[in-house]
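Reader: I am new to reading protein structures. Could you take me through this one in short steps?

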Amino acid sequence: MAFREYKIGSRMFGLAFGTSMFITLYMPAVDIQNVSATSIAMDRQLSFGRVGGFSYEDPFLQGWGKPITVQISQDPKTGASIESTRAFVYEKDVPFPNGIRHPRILGKVPAAVSKSKGRINEASEDQGAVFIVREVIESGVMVPYIENATATRGWSPTATLAKASDSQRLLVGKGKIMFVREGCWWCHTLLPEQTQDWQYFGAPPMLGDFNGESPTAFGSDRKAPDLTHVGSRNSA
Ligand code: HEC
């Protein structure tokens, strides 16, 4: 039996498959760790949550396992008034986004600060957590980091939600799942390009604005206007 051919064929297939996975999965992962996440990237992933596209956690794209973004002006623990703060509430069992699960995705310095000052390592999905995005000056450079306010300030998800009135429960992040589910990405992008687009569609994203977001909805070619800032340029 000509078994040799099968052996050669399957090895060639294995080599081609392995090489393509190395290029598509490993190389971008190494690349992105060399980029420091911006506060926009942190805001995006914390408001979208981990489940933003086709995944086993939400196979029918119903928006399961979404965090709730709120704006609060009272400290959930002490009740004292604080400056208006955007908080990302992950109730029990809501999956954390990639930057919390794998902090190195945030880039070297933001990851280190998020762990030391922000104590994100102590957050647990079993208990839920509340996150906020903060900035600190590290050797003369402004570094954004994620703070696990449950550990640092004792803000529990329930107490934080109680401090947010209904109008303050932002719908942030809810549109992304719709965008993916309804196939808007087929024609629209969420990536204004740094060309003349800029003047009409609003500021283009910078390198580091997407660390930890999954999936990104760049689209491959664009058949319709970019929708990134559509809410601010059109009236409801
Ligand atoms: C088959 C391609 C296609 C798909 C799919 C599609 N759109 Fe569009 N959309 C267009 C085109 C083309 C325009 C521009 C129409 C014009 O300017 O006359 C547009 C315009 C828009 C605009 C106005 C944009 C602006 O800058 O004023 C919005 C908002 C929009 N679409 C939302 C959506 C949403 C939400 C979905 C998914 C539910 C979606 N579109 C899916 C083709 C598409």
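Author: Start with a definition: two residues are in contact if their C-beta atoms, placed from the backbone, lie within 7 Å. One more point: this is a predicted model.

Reader: What share of the contacts with a separation of 6 or more joins residues 24 or more positions apart?

Author: Take the contacts in the protein with a separation of 6 or more. Then pick out those between residues 24 or more positions apart. Their share is 72%.

Reader: How many helices and strands are there?

Author: Read the elements from the N terminus: α-α-β-β-α-α-β-β-α-α-β-α-α-α. The count comes to 9 helices and 5 strands.

Reader: Which residue of β4 is the bridge partner of Val133?

Author: Strand β3 covers residues 129-138. It pairs with β4, residues 141-148, in the antiparallel sense over 8 bridges. The two form a hairpin with 2 residues between them. In β4, the partner of Val133 is Ile146.

Reader: Which residue of β3 is the bridge partner of Tyr90?

Author: β3 also pairs with β2, residues 81-90, in the antiparallel sense. That pairing has 3 bridges. Tyr90 has as its partner in β3 Ala129.

Reader: How far apart are the C-alpha centres of domain 1 and domain 2?

Author: Domain 1 spans 1-33, and domain 2 spans 39-233. Their C-alpha centres are separated by 34 Å.

Reader: How many residues of the shell around the ligand are nonpolar?

Author: The residues around the ligand include Cys184, Trp186, His188 and Lys223. The shell has 3 polar and 2 charged residues. Its nonpolar residues number 7.

Terms used. Residues are numbered from 1 along each chain as its sequence is written. This is a predicted model: local features need pLDDT of at least 70, side-chain atom pairs count only at pLDDT 80 or more; totals for chains, interfaces and linings use all residues. A residue is near a molecule or strand if its C-beta atom, placed from the backbone, lies within 6 Å of it. Ala, Val, Leu, Ile, Met, Phe, Trp, Tyr, Cys and Pro count as nonpolar, Asp, Glu, Lys and Arg as charged, and the others, Gly among them, as polar. Domain bounds come from an automatic or database domain assignment. Helices (H or I, at least four residues) and strands (E, at least two) are DSSP runs, numbered from the N terminus. Two strands pair if DSSP finds at least two bridges between them.
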